[in-house]
Amino acid sequence: MMKNQWILITGASTGIGRVATEFLQQKGYSIYACARKEGDLQDLGRIPNVIPIKLDVTKNEQIEQAFQEISDRKTGLFGLINNAGIVHAGPTMDLDVEELKHQFDVNFFGVHRVTKQFFPLIKKSKGKIVMIGSGAGIIANPFFAPYSSSKFALEGYTDSLRRELLLYGIQVVIIEPGMVKTPIWDKGEALLGNYNGDMLKKEASGIGSMAVQTARDIGLPPEKIASLIYKILTKKNPKPRYAIVPNYWMRQLMLKMPTRMLDRFILKKMQKFQ
Ligand SMILES: NC(=O)c1ccc[n+]([C@@H]2O[C@H](COP(=O)([O-])OP(=O)(O)OC[C@H]3O[C@@H](n4cnc5c(N)ncnc54)[C@H](OP(=O)(O)O)[C@@H]3O)[C@@H](O)[C@H]2O)c1
């Protein structure tokens, strides 16, 4: 049964998307693996049961073309995994609106563009839509305003969509990973090196470097997220949201703590870098 089920994954070139592509095809799914670069598409095309699709989530023409190609193949589509994402960070008062717009263009509007385009196929199969949110969409750390706000927005979007699509029997699930060991952290580290502003420079780079190091030390292997995606796709009634973090109790503590207490705790961390 599963052999005939097709799954589309955005951002399949590296990290969670790449690992999920391999994991799901090994479990018997067929995958439309989306990437932007020619080399990545060729690489993905060498994996059995994987069809590479050129797709930048900010480009309407590519999304329409991808939809046409997949519709023409008449395979149907059972699962849509909205995984593509980028991180912008830095002192909030230093950010240009353009930086925020770019962050939202990929992490938020990109999700809407792709979901809206492929919805007819998901509706037809009574399939599933999986969003890759983030723990940063539940608790916002300092210097991560662009990324956090895009993932908070995704939470609201997902809740609305999930409730609407109950009427069609389509499940919409959001995964909220904590730190995962993927290239996203190397990209974050490069961002830190490019920061030219003066505002809160020491604090921002201290908190940023600490986040990168912590992800490298204790980040979850991306296979854990891939395996959770598999569970969601195969379970009859998956939960609406799944938090998956390296340190469960720390997350629980931060969620339960009064906001002022959490703020003081974070302030102490930032002051260490002054
Ligand atoms: N790693 C973590 O700690 C963590 C934690 C929570 C949530 N997440 C979320 O997990 C998802 C995957 O991230 P990752 O950690 O696996 O990072 P990653 O290895 O950097 O992968 C990001 C993927 O998104 C793609 N992408 C970027 N901009 C795109 C665009 N405009 N159109 C289409 N694809 C685009 C990248 O493609 P290119 O190679 O072409 O740039 C890449 O395939 C993201 O949504 C991220 O926010 C990650």
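Analyst: Let us start with the lining of the largest cavity, to which helix α4, covering residues 97–125, gives the most, with four residues. Please keep in mind throughout that this is a predicted model.

User: How many cavities of 30 Å³ or more does a search of the whole structure find, and what volume does the largest cavity have?

Analyst: A cavity is a space where a 1.4 Å probe fits but cannot get out. In this structure the search finds one cavity of 30 Å³ or more, and the volume of the largest cavity is about 30 Å³.

User: Which residues line the largest cavity, and how do they divide into nonpolar, polar and charged?

Analyst: The lining is made up of Thr10, Val57, Asn82, Asn83, Ala84, Val106, Gly110, Val111 and Val114. By class, five residues of this lining are nonpolar and four are polar, while no charged residue takes part.

User: Turning to the ligand, how many residues surround it, and which are the closest?

Analyst: For a shell of this kind, a residue is included if one of its heavy atoms lies within 4 Å of the molecule. Here 31 residues surround the ligand, and the closest are Ser13, Tyr147, Val180, Thr182 and Lys187. Sorted by class, the shell has 15 nonpolar, 11 polar and five charged residues.

User: Which helices each supply at least two residues of that shell, and which gives the most?

Analyst: At least two residues each come from α1 (15–26), α5 (145–165) and α6 (184–194), and α6 gives the most, with three residues.

User: Finally, what is the overall form, in terms of helices and strands and of the radius of gyration?

Analyst: The secondary structure comes to 10 helices and seven strands, and the C-alpha trace spans about 60 × 40 × 30 Å along its principal axes. A compact globule with 274 residues would have a radius of gyration near 19 Å, and the protein has 19 Å, which agrees.

Terms used: Residues numbered from 1 in each chain as written. Predicted model: local features only at pLDDT ≥ 70, side-chain atom pairs only at ≥ 80, totals over all residues. Heavy atoms only, no water. Nonpolar A, V, L, I, M, F, W, Y, C, P; charged D, E, K, R; others polar. 1 Å grid on protein atoms, 1.4 Å probe; cavity = no way out; pocket = protein on both sides within 12 Å on 5 of 7 lines; lining within 4 Å. Points joined across faces, edges and corners; volume = space filled by probe spheres on them. Rg over C-alpha atoms; globule rule 2.2 N^0.38 Å.
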